[in-house]
Amino acid sequence: MSGFVVLSTGSHMPMVGLGTWKSAPGQVKQAVLTALDCGYRHIDCAAAYGNEQEVGEALALRIGPGKALRREEVFVTSKLWNTKHEPEDVETACQTTLTDLGLSYLDLYLMHWPMAFQRGAEMMPRREDGSVRYSDTHYTDTWKAMECLVDEGLVKAIGVSNFNARQINDILSMAKHKPVVNQVECHPYLSQQALIAHCRALGVCMTAYSPLGSGDRPWASPNEPALLEDSGLRVIAERYDKTPAQIILRWHVQRGVTCIPKSVTPSRIQQNLQVFDFSLSEEDIAQINSLNRNDRFIVPAVDRGRERVWRDAE
Ligand code: A2P
């Protein structure tokens, strides 16, 4: 199994990238530097993470004439936030991300979610009663504006995130530039078997976010199952003399799913890339598949209250 997938555009996307969601300001620059220095060639970003300027500071130290890396050696992804879905806002949002990251182009630009929020500067526009203000802008209209970014050379490819099978079909039915990637929550407790098969049949690569279960998500409850402490995974990890995190990441890789583990800890950043020197047996893959419980940790912020109610009712 190679360390990259070939996207439908022909470009190469490294199977393991560094995730930057939840990486705090003051920590993410060093995390990106550590990652690039130990061999990562794929960094996953988003405007909504609020740290693209700091990621850009790290990229500037390592990429460019006279630096360790050439721009074309590093695959950089970013995402269009929900308040920027109005077609006339899309290019400005992309330009802001490019300025923050200090880049002249992105390798991949994703629509972060299929739903639009009211346009404006506020990330999470809310009514007085706390409910989120949505907008009627349809993702197919946003997609047309994203296609212009490819034509203008601001991005090499476009894709989607958090899209289900029907929504991907909607995009494919009207797209001039096909989505090359669907980035969704995926880990052994949410194995996404059907969505992976659907995407694969359409030539859309799946990327797993929260590939390790995102135990550091702000709304995590101590009563929730901790994926990295799953006893079944621990047993497998001991047998391969690897950590549970490495076992999970290898499982993603062997399924052909690219993944973006987040860490700000140097030893973990290094460890998470060391998943290409062993293979899981078919039995162990099957055992990890059997851990699936369709347990979704990440739902749109607007639904978090409902999620808590739903979890409490279980
Ligand atoms: P930290 O950033 O403090 O190193 P996900 O990628 O699923 O969002 O998971 C991120 C969480 O997993 C963070 O809390 C991160 O901690 C932790 N993490 C990342 N890599 C490892 C690893 N190899 N072993 C244990 N925990 C890890």
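## A tour from the ligand to the core

The model is predicted: local features need pLDDT of at least 70, side-chain atom pairs count only at pLDDT 80 or more, and totals for chains, interfaces and linings use all residues. Residues are numbered from 1 along each chain as its sequence is written, and side-chain values use heavy atoms, with hydrogens and water left out.

**Stop 1: the ligand shell**

Colour the shell by residue type.

Helices (H or I, at least four residues) and strands (E, at least two) are DSSP runs, numbered from the N terminus.

Next, look for polar contacts, pairs of N or O atoms within 3.5 Å; within protein, one must be able to donate a hydrogen and the other to accept it, and residues adjacent in sequence count only if both atoms are side-chain atoms. A side-chain N or O atom of lysine 22 is 2.9 Å from a ligand oxygen. At leucine 212, a polar backbone atom is 2.8 Å from an oxygen of the ligand.

**Stop 2: asparagine 51**

Select asparagine 51, in the loop between strand 4 (42-44) and helix 2 (52-62). Its relative accessible area is 2%, so asparagine 51 is buried. Buried means under 20% relative accessible area, exposed over 50%, partly exposed in between (1.4 Å probe, protein chains only). Its side chain reaches the backbone oxygen of serine 23 at 3.1 Å.

**Stop 3: the core**

Select Val32, Ile43, Leu59, Leu106, Tyr109 and Val155. They have the most contacts inside the largest nonpolar core, which has 91 residues. Such a core is a set of buried Ala, Val, Leu, Ile, Met, Phe, Trp, Tyr and Cys residues joined through side-chain atoms within 4.5 Å.

**Stop 4: methionine 146**

Finish in helix 4 (residues 139-151), at methionine 146. Methionine 146 counts as buried because its relative accessibility is 0%.
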